[in-house]
Amino acid sequence: PATPTVRTSGVDPVAYDHYLRGRALFQRRDGRSLMAALREYESAVKADPTFARAYAGIATVQAQLPKYTDAN
């Protein structure tokens with residue numbers, strides 16, 4: 001099967017770097033890593049407020065935090 005391509009044109013490279021770091025941290029699925037992932041996604045949004053995937057990352061982390069931390 002063909003490998004899907006990810007379109008990154010128009011995305012701030014700093015934002016994309018934070019986004020990728022957030023994804024890597026999210027995969028660890030523990031409280032500390034999820035909090036770090038959230039910070040990375042928030043940094044991505046700060047670098048590029050139009051970067052939708054970073055907002056999706058924030059939402060995904062927030063949905064998982066109650067399973068791994070005391071966050072509600």
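Mentor: Let's start with a term: helices are DSSP runs of H or I with at least four residues, strands are runs of E with at least two, and both are numbered from the N terminus. Arg32, for instance, has its place in helix H2. This is a predicted model, where local features need pLDDT of at least 70 and side-chain atom pairs count only at pLDDT 80 or more, while totals for chains, interfaces and linings use all residues. Residues are numbered from 1 along each chain as its sequence is written, and side-chain values use heavy atoms, with hydrogens and water left out.

Trainee: How many helices and strands does the chain have?

Mentor: There are three helices and zero strands. Following the sequence, you read the pattern α-α-α.

Trainee: Thanks! How should I read a pair of packed helices?

Mentor: The general idea is that two packed helices are described by the angle between their axes and the distance between the axes. Axes here are lines fitted to C-alpha atoms, for helices over the stretch in contact, and angles run from 0 to 180 degrees between N-to-C directions. Take helix H1 (residues 13-26) and H2: their axes are 8 Å apart, and the packing angle is about 165°. H1 is therefore roughly antiparallel to H2. On this scale, angles under 35 degrees count as roughly parallel, over 145 as roughly antiparallel, 65 to 115 as roughly perpendicular and the rest as oblique.

Trainee: Which residues of H1 and H2 make the contact?

Mentor: Contact means heavy atoms within 4.5 Å. On the H1 side, the residues include Val14, His18, Leu25 and Phe26, and on the H2 side they include Ser33, Ala37, Tyr41 and Ala47. The residues of this contact divide into eleven nonpolar, four polar and three charged. For that count, Ala, Val, Leu, Ile, Met, Phe, Trp, Tyr, Cys and Pro are nonpolar, Asp, Glu, Lys and Arg are charged, and the others, Gly among them, are polar.

Trainee: And what about H2 and H3?

Mentor: The axes of helix H2 (residues 31-47) and helix H3 (residues 52-68) come within 9 Å and cross at roughly 160°. So H2 is roughly antiparallel to H3. Among the residues that meet are Leu34, Leu38 and Val45 in H2, and Ile58, Val61 and Leu65 in H3. In this contact, 13 residues are nonpolar, four polar and one charged.

Trainee: Is Val61 buried or exposed?

Mentor: Val61 counts as buried because its relative accessibility is 0%. Buried means under 20% relative accessible area, exposed over 50%, and partly exposed in between (1.4 Å probe, protein chains only). Val61 belongs to helix H3. Setting aside residues up to four places away in sequence, Val61 touches Phe26, Leu34, Ala37, Leu38 and Tyr41.

Trainee: What share of the whole chain counts as buried?

Mentor: Of its 72 residues, 35% count as buried. As for contacts with a separation of 6 or more, 55% come from residues 24 or more positions apart.
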